Amino acid sequence: MKYGYYDNQNREYVITRPNTPAPWLNYLGNGKFSGIITNTAGGLIFNKDSGSHRITRYNFNQIPWDRPGRYLYLRDMSDGEYWSPTWQPVMKELQAYECRHGHGYTKICGKYKGVSSDITYFIPLDKNYEVWKVKLTNEENSAKKLRAFTYLEFCSYQAKYDLMCDWPRYFMTGFNKGNAVVFDPCDDWIKVPERLSFIGSNIDISGFDCDRDVFIGKYRSETNPEAVEKGECSNSELNADNCCGSVSLDVELSANETKEFYIIVGITDDAEKISGIIDLAVRNAEKDLGELAEFWNEHVDRIQIETPDEEMNTMINCWHPYQCRMTFNWSRFISYYERGLDRGWGYRDSMQDVLGVIHSIPEQVKERIKTLLSIQYSRGDARAVYYPGTGESSGGGRSDDHIWGIFSVCSYIRETGDYAFLDEKVPYVDGSEATVCEHLIKGLEFTREHVGEHDIPLFLHNDWNDSLKSIAEQGKGESSFVFFQAAHAAYELKLLFKKIDDKEKFAWAEDYYNWCESVYNKLWDGKWFLRGFNDYGEKYGTDDDEYNKIFLNPQSWAVLSRLPSAEQGNSCFENVKKYLFTEMGVVSHAPASSGIDIKNKSYFGLKAGVRENGGIFFHASTWAIIAETILGRNEDAYSLYHRELPTMRNENADKCMIEPYVYASSMVAPCHEKDKMGVGSWLSGTASWMYVAATQYILGFRPDYDGIIIDPCIPKDWNGFKMTRLYRNVKVEVVSGKLPNEGARSKALIVDGKRIEGNFIPVSELEGKSKVKVEVVY
């Protein structure tokens, strides 16, 4: 069943029914004062760090779903009937409903009792407040006397205490100031520069409530609040209890009249400033909306495509770059599936997230890489998480974290030509400092120094697949994933050091890669590569076993490392196709076993077919797509990419549940009864890597050191494609015709009429130009 459609002209997803299979959300803000909002106005607001400066409360994984939020109630004062123009939380059936999620804003429209409502929610660029632009229209021929009530719940800025403990409410204060309700958490031990939160309006209020229990009433919920039922607030202030933000507003509408007003939610250091903040927000609202649109259009327009695949066009031209920016902003920190308590910016997560935005915000990417490198130890490994609100970091001991930075740094230099970045100094978390380049080398050396009896890197606490940690409880398990990851990283550093003509570092990287080359066949199982060895030295991911025979990641990363022969690589992916491909994507491994049984080599606590235990793990799928293109398997690469597009879920939303306009981390596999149920949308490494897979490997536009590789890997039945891409301030237009035969790759490029043999355009061909046209010759 469908719940909405894509409005590509306006770059919006339009939801036509409020009762979506799960809350379908959007993000407001851009990495600072921000929030999440669902299609029925659920969600929360926070400032920079949802763990240490949360502003409004949201209850995760509870019944009823998706509450509380930023709500508006409308009450007909002639008969006392009330409703929610956003459907939630009253949930009366509306005469009309529509939610439009756009880039940086959400608009929810409803109609009930002849009153149509239009509420646009957005956070202006670089402002510390959220705007609700409310427009009400009386579509009947008689006058209406309405009273509107706002509602949200303020919370302790320290989200973990607010969700886990009762005591934070005993510090809270709420009071009225002009047309606003002001909240002070009174947590003097929490040092934030703008401690007060508020909700207010640009029109006079008729009442207010700060006390949640007074507004809602005893044994009631947001569905039937006592204040709305009786038609007036109690003007309750708050001293040591749960605080809400409700102001009531009287709106009289003549027949066919429209009126507009604003609600502002924000933070400040002084309650006396609130009226000025509200006045400024209202005065600049239209300008701010226009600037928001310009900001996102500029971001998204940097890569645009025209292919025969409309689903692909929708994602690349609209939703995919938007999602990449949100994963850059929030890593795995805050979403409907992540509570924003302790995830912060994950080292491995954020190092991968930058890959989806290097082309659009290179300077911010550079700073993010440096921040992450600063939580690396001088011995080479890294802490797991950085908290942007406090600058603290925690965790560590994983075998893969410290390697990811190599791919980020190499990609950044390819995009920008900023070789000087390698020599910038960055501190270690345990003292002293080193250049960026030294950080990268130290990470790879750490991996080589921590190998097991087969000369394969140890799992340590765990590798990329956290759920597999039971394989190495005694510290002896060996990871093929980390081995091939390190080999690929050494391969990348060889290319980099050769480019900068550093013979000493090149010799080091070549020696490292030669070591990998001498070892990798220990992982060959005859048809595919093993997942590794357990604590007892037994093979894992082998055809000899009944369960967990073949894993996807070793096959993909083996090919990425360029170690296997073409025969081995193709054998791997023929078996991936045979055992792991499903209708909606490729599973992580098969056949999956349930439950931890060390004796029988069953290491996953997750149920079979769920997430990393044999689920369709989209993040891992991206590497398989790239590997298929490296092997020249055009049809299989595109087939896998296409079936995993979020747009392919739109017709099957009831089963898939998650938003059909963004990627998710995983989906339940066919071996489980909830086959096709999606999990973990929005914040996933799938976003950045799938963007790389689509634009750099399928469409083939790959920034390289001092130039561009144009090497499309498209299906034979396409009649061609066009792509525009901004590279070092030059707009490059790529035009490809139909392939002459299956698997054909570029043999030459015609750049502004000049033929260049091969698939590489030197940056010298772009100098002094603002635009070039490239035609691909197969």
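Arg728 counts as partly exposed because its relative accessibility is 26%, where partly exposed denotes the range between buried (under 20% relative accessible area) and exposed (over 50%), computed with a 1.4 Å probe and protein chains only. The structure is a predicted model, in which local features need pLDDT of at least 70 and side-chain atom pairs count only at pLDDT 80 or more, while totals for chains, interfaces and linings use all residues. Residues are numbered from 1 along each chain as its sequence is written, and side-chain values use heavy atoms, with hydrogens and water left out.

Arg728 forms a salt bridge with Asp706, with 3.9 Å between the closest N and O atoms; a salt bridge is a side-chain nitrogen of Lys or Arg within 4 Å of a carboxyl oxygen of Asp or Glu. This pair links distant parts of the chain, 22 residues apart: Asp706 is in the loop between β36 and β37 (707-710), and Arg728 in the loop between β38 (721-727) and β39 (730-736). Helices (H or I, at least four residues) and strands (E, at least two) are DSSP runs numbered from the N terminus. Asp706 is partly exposed, at a relative accessible area of 22%.

Across the whole structure, 67 salt bridges are found. Lys577 and Asp636 form one with closest N and O atoms 3.1 Å apart. Lys577 belongs to helix α14 (residues 566-579) and Asp636 to helix α16 (residues 634-643), so the pair ties together parts 59 residues apart in sequence. Lys577 is partly exposed at 39% relative accessibility, whereas Asp636 is buried at 11%. Glu98 and Arg100 also meet through their side chains in a salt bridge (3.0 Å, N to O); Glu98 is partly exposed with a relative accessible area of 23%, and Arg100 is buried with 15%. A network of salt bridges links Asp76, Asp79, Glu81, Lys92 and Lys113.

Two cavities of 30 Å³ or more were counted. On a 1 Å grid over the protein atoms alone, a cavity is a set of points where a 1.4 Å probe fits but cannot get out, a pocket is an open set with protein on both sides within 12 Å along at least five of seven lines, and lining residues have an atom within 4 Å of a point. The largest cavity has a volume of about 70 Å³, and its lining includes Trp464, Asn465, Arg531 and Glu612. Asn465 lies in the loop between α10 (436-449) and β26 (478-479) and is buried at 5% relative accessibility. The C-alpha atoms of Asn465 and Asp400, 65 residues apart along the chain, are 9.6 Å from each other. The second largest cavity, of about 30 Å³, is lined by residues including Ser399, His402 and Phe446.

The largest pocket has a volume of about 730 Å³. Its lining comprises 34 residues, with Arg414, Glu492, Gln696, Tyr697 and Arg702 nearest the centre. Elements giving two or more residues to this lining are α9 (404-416), α11 (480-499), α15 (618-630), α18 (685-698) and β36 (701-704).

Trp167, Tyr170 and Phe171 make a nonpolar surface patch of about 300 Å². Patches consist of residues with over 30% relative accessible area and no salt bridge, like charges being joined within 9 Å and nonpolar side chains (Val, Leu, Ile, Met, Phe, Trp, Tyr) within 5 Å. Trp167 is located in the loop between α1 (159-164) and β13 (173-177) and is partly exposed at 34% relative accessibility.

How values were computed: Accessible areas come from the Shrake-Rupley method with a 1.4 Å probe; for residues, only the protein chains shown count as cover. Grid points are joined across faces, edges and corners, and a volume is the space filled by probe spheres set on the points.
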